[in-house]
Protein chains: 4
Amino acid sequence: MIQVGVVGGTGYTGVELLRLLVLHPEVELKVVTSRSESGRKISDLYPNLRGHLDIEFSDPTVAELATCDLVFFATPNGVAMKSVPELLARGVKVIDLAADFRIEDAALWSEWYGMEHACPELLEEAVYGLPETSRDKIASARLVANPGCYPTAVQLGFLPLIKAGLVNTENLIADTKSGVSGAGRGASVGALLCEASESMMAYKAGGHRHHPEISQGLQWFSESKVGLTFVPHLTPMIRGIHATLYAPLNQDVDDLQALFEDAYKDEPFVDVMPAGSHPETRSVKGANTCRIAVHKPQNANTVIILSVIDNLVKGAAGQAVQNMNLMMGLEETAGLNQVALLP
Amino acid sequence: MIQVGVVGGTGYTGVELLRLLVLHPEVELKVVTSRSESGRKISDLYPNLRGHLDIEFSDPTVAELATCDLVFFATPNGVAMKSVPELLARGVKVIDLAADFRIEDAALWSEWYGMEHACPELLEEAVYGLPETSRDKIASARLVANPGCYPTAVQLGFLPLIKAGLVNTENLIADTKSGVSGAGRGASVGALLCEASESMMAYKAGGHRHHPEISQGLQWFSESKVGLTFVPHLTPMIRGIHATLYAPLNQDVDDLQALFEDAYKDEPFVDVMPAGSHPETRSVKGANTCRIAVHKPQNANTVIILSVIDNLVKGAAGQAVQNMNLMMGLEETAGLNQVALLP
Amino acid sequence: MIQVGVVGGTGYTGVELLRLLVLHPEVELKVVTSRSESGRKISDLYPNLRGHLDIEFSDPTVAELATCDLVFFATPNGVAMKSVPELLARGVKVIDLAADFRIEDAALWSEWYGMEHACPELLEEAVYGLPETSRDKIASARLVANPGCYPTAVQLGFLPLIKAGLVNTENLIADTKSGVSGAGRGASVGALLCEASESMMAYKAGGHRHHPEISQGLQWFSESKVGLTFVPHLTPMIRGIHATLYAPLNQDVDDLQALFEDAYKDEPFVDVMPAGSHPETRSVKGANTCRIAVHKPQNANTVIILSVIDNLVKGAAGQAVQNMNLMMGLEETAGLNQVALLP
Amino acid sequence: MIQVGVVGGTGYTGVELLRLLVLHPEVELKVVTSRSESGRKISDLYPNLRGHLDIEFSDPTVAELATCDLVFFATPNGVAMKSVPELLARGVKVIDLAADFRIEDAALWSEWYGMEHACPELLEEAVYGLPETSRDKIASARLVANPGCYPTAVQLGFLPLIKAGLVNTENLIADTKSGVSGAGRGASVGALLCEASESMMAYKAGGHRHHPEISQGLQWFSESKVGLTFVPHLTPMIRGIHATLYAPLNQDVDDLQALFEDAYKDEPFVDVMPAGSHPETRSVKGANTCRIAVHKPQNANTVIILSVIDNLVKGAAGQAVQNMNLMMGLEETAGLNQVALLP
């Protein structure tokens, strides 16, 4: 059994991680920390865990975390980077579900996240944890940067086209819709039921932090320069991301469907739907799956890709468990064999 | 007082029309027809009208409708065209809230709507009822084709740029999100709460009937050819359309904000929000307003326009009342002075 | 035109009051105060008011409020009582939408609201503003305590039976369900969309502040002692209260339906539905109506009454406007002729 | 591995059963029938099962079903009873998730379900499948009647008090709230998102089919006559039942909390919450758990019990799997170790 710790177990990403880890056949959940809830029984805060998890939140100390084989950080941006060097030094592997290690360029990171990076020397070592593109690197990594939710859905949608060199990468558009859990469990007026339900709105159309992360990830696989327009929207539901992607083909393509099916034929968590499908976010609710459909251009050469994930699973906690499995030499799908809850 | 009739008062467009008409200071609601509910008290079906409307649904007969000054058709596509010629002949003005008279080209209409047009000779006379572009024609029309919900939000968003010749019209993208009431009140599995709530999905990415309507409306004001990619999405809420529009600028533009403000400065029902705004659909819930915000390109030259309406009001019944006011020489805003219900 | 002020216009009760007042034909909205938002345009905070209300939030000062004929307090409990004596002294009439003047007994009030009353000498003068029971007193009042949302729905449901002496008042049960807007616009974890949607829960089953208010209101009209069990529930919707009331009949009753119809036959805002009806909260969404249905006992002698209101309208702002109309000698229904927004 | 069949796999109860069975370690899902969808791949209808279940719907024939060890009927009322005798005769065990075998008295059944019973001779043999009361009988049964959703939540809440003889059983009240999935997947206007969301309503206050089932189940354990008032409500959410139960104590009781904790201390799927708790339905979403809290009387002697389940799991498919485990000699909790999906 692998000994695992979770730092910051009180947010939505945290509780989803706990849900997956308590049922994981190879994991012992040894320590879950929370500065604010220290000493409180975890199942008091999250009654869904009653009967499944009997420990208390503890204070986050390196000494205690160092007894684990692997530690997840489900903390706000800027927290993990303060403890990661010490944990790595003690031989603990780390997966950060926040953004601290997602951007290679420390200056670019600071620009978007508004703080100095605490350990820029680790940025090169950190592996961007999208298993579909970096499985081998993840398997041998000490430190994995778990991708953001939007970046996961958008990259998995665009990459087969970009890798094949079929699109003009300078004019990509990603129109993305997220459930409200993406905003976290912090008390904020904008995420109240009475504000966010029965309404739809774009936000940060002037620039969102996931923009440089997506661009970086696409650029890694593109010979031409990537130019992206990215508009996220707040959608009145709890879970789910729907990415609608628009890309101009730079040549005639015979069979887009086959291209996608081929690209993901060996992937356990990417499901290319039949041609003409419209994946629903609820078809992945609670599951670590990304479902993708491709649609031929309606006009000129603009191909349309639809990509859905559960932002808390494939977009966060599930992908983190997938990365843990890879890093610890377990079956990649261990503990992730969930069927989406429908209806 | 104007004598008014409504054909097909049982759907969502119908009941919204009734809500607006019973409170309209210049209107007497004389006859509301429904083949299926004939003889039933309207307020039995729609308890919100108890105390406001005391009449029964009646059978739709030309004789009875001919006693009205103006008749609204809130019927499925293909119904209005069968009765309109006779009503016009008897001197009754008509507003069709369905699609029968929206497309000038009868062959194109047949292609998308799957039936022969019953009175193609009226297509030229029919006026497309978007007051912001056709106020004068509407005022003198006998027959008005009330625009579709998506077409209203999309055209009002794109038109200032197109009229000014500032965008490459061949590569327009409209990513639109609609509440479930757009699917109507018919019993269908896809519109059940358990199917449509807590989920997001695109639909008809291969082609939607509003595509030719939008293209036609944009082309009227464009010197270059209009090419549009249009992807509608089903959003888990009752009312509201959010159109996110992407257009490539063909030149540097100093002040997009001023362009939009100027375009709509005299419009009572189009509200250009301050620069950088993100309009919420709930800010127009129950109101006849379209709120628009413009965002500068993030990447290259792709301008982003956000446009929201209530699909049942500015996207259907409210716009129909606005058209009625114009056709009957009333104050354009009569009966439409609603404040959106928020929260 | 009556000059009106609103203290605390930033909460949900406040914005609903503004919605009703800007459209009221006899009212000029002169001052809207908010300590936290002072100087900000009201329509910046509430875009639904753009084009309807052009003033800014101002600081709450007695001097400015004293220029009004009537002032509404849409503030947290304990705020109004600090300013009311001075406003009354300056000849301003006051309606408090909070609880400061609802309970006659100052000690009982302190017990439930956890503070000393600032002006207990006004408790006797204050009129409990349920027009259906106290129309004449309200008309001559200087100070009206606007009833709570649950108390409105529950009292209107029970009172016809209690006044007629038909029920054993010692064993009344009120099982009530409220939309989340009842929790207000303050940022709290429990009212987040991700916490409160897709779930149902009781709260304060050990005792809720509306308990003594309801008991007091029922006792006023009962010869026997009133004993009430009151369990409120948080329901995943924005607006609406559904009260399901259970009362043991103390005798055979021929025609409960007629009793209720007769009790409310002259009331403009209480609608007794046909026998066997099940009123939906959405049938009063945005309207100042209470709809009631009575059901015969299924078992023994327990009569069931269903009573629905919009908690923000008949349960708060709408009833306050109704009270204002009475206090200022206007038509009782002025500005309240709303049709519920359905769907 | 046990060979299992599901008749009627297209409804919500059916798909939930499939979700549980495909992950059950001891079950092979051999045949899933649907008259209307015969020949269609199951995962076409339910994309959440893509990758988990590769078979097609087949026509329901006894010959094919007879190859199974156990068959579940997830069909409308009145369907199972037509095939059950033949299946039993062939040695197949049966669990009916509908109501055909829930009521001992065939005449009473006919009265509520509006049809003659096809095999009244089996009513005595059939075991009512509430494991918490009938574990041993279920273990040896050939035919189990899976309880209704409301009856499960209500009986588990009332029974500890009734068994202890502590309440006046003639005046029980069950005010219950159900998510919309309880209405099934059939297309009906009342279950549309636009009708059922953002609203709350009671239904069948004049009498609901679960009334005789609950009364029968409570009467089995009561020495005095059971009299019940039962009012169900439609709640704007997908899953969940919240039962709020009111019972008059017939004596002083020292420790209600201990009574409940003791009653359920060995039950794997009943969780008695700490005193003063308010269980949320979301705390059991997707899980086979019933969470219960007891509250002391506020007034006189009326004790309040709060009981929540997921109507599709402990209220249907999960309980059916629990019954299957018992009937087939498996671990009772096999395949049911789910953590509720929260948020």
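Covering here rests on contact, meaning heavy atoms within 4.5 Å; helices (H or I, at least four residues) and strands (E, at least two) are DSSP runs, numbered from the N terminus. The model is predicted, so local features need pLDDT of at least 70 and side-chain atom pairs count only at pLDDT 80 or more, while totals for chains, interfaces and linings use all residues. Residues are numbered from 1 along each chain as its sequence is written, chains are lettered from A and ligands numbered from 1 in the order in which they are written, and side-chain values use heavy atoms, with hydrogens and water left out.

Which residues of helix 10 (residues 256-263) of chain D are buried? They are D:Leu256, D:Gln257 and D:Phe260, where buried means under 20% relative accessible area, exposed over 50%, and partly exposed in between (1.4 Å probe, protein chains only). These residues lie on the same side of helix 10 of chain D because they cover an arc of only 100° around the axis; the arc is that of the directions from the helix axis to the C-beta atoms.

Now go to the start of helix 10 of chain D. There a side-chain oxygen of D:Asp255 comes to within 3.2 Å of the backbone nitrogen of D:Gln257. A polar contact is a pair of N or O atoms within 3.5 Å; within protein, one must be able to donate a hydrogen and the other to accept it, and residues adjacent in sequence count only if both atoms are side-chain atoms.

Next, select B:Asp310, in the loop between strand 14 (302-309) and helix 11 (313-327) of chain B. B:Asp310 counts as buried because its relative accessibility is 1%. Its side chain reaches two backbone nitrogens: that of B:Gly286 at 2.7 Å and that of B:Leu312 at 2.8 Å. Not counting residues up to four places away in sequence, B:Asp310 touches B:Arg239, B:Gly240, B:Val284, B:Lys285, B:Gly286, B:Ala287, B:Thr289 and B:Gly315.

Show chains A and B. Their contact takes 48 residues from chain A and 48 residues from chain B. About 3,800 Å² is buried between them, 53% of it from carbon and sulfur atoms; buried area is the accessible area (1.4 Å probe) that two parts lose on being put together, summed over both. On chain A, pick A:Glu198, A:Met200 and A:Gln298, which lose the most area to chain B, together 18% of what that side buries.

How many salt bridges cross the interface of chain A and chain B? The rule finds 4, a salt bridge being a side-chain nitrogen of Lys or Arg within 4 Å of a carboxyl oxygen of Asp or Glu. One to display is B:Arg282 with A:Glu195 (2.5 Å, N to O).

Finally, show chains B and C, where the contact takes 33 residues from chain B and 32 residues from chain C. They bury about 2,700 Å², 63% of it on carbon and sulfur atoms. The salt bridges between chain B and chain C number 2; select B:Arg50 and C:Asp271, whose salt bridge has its closest N and O atoms 2.6 Å apart.
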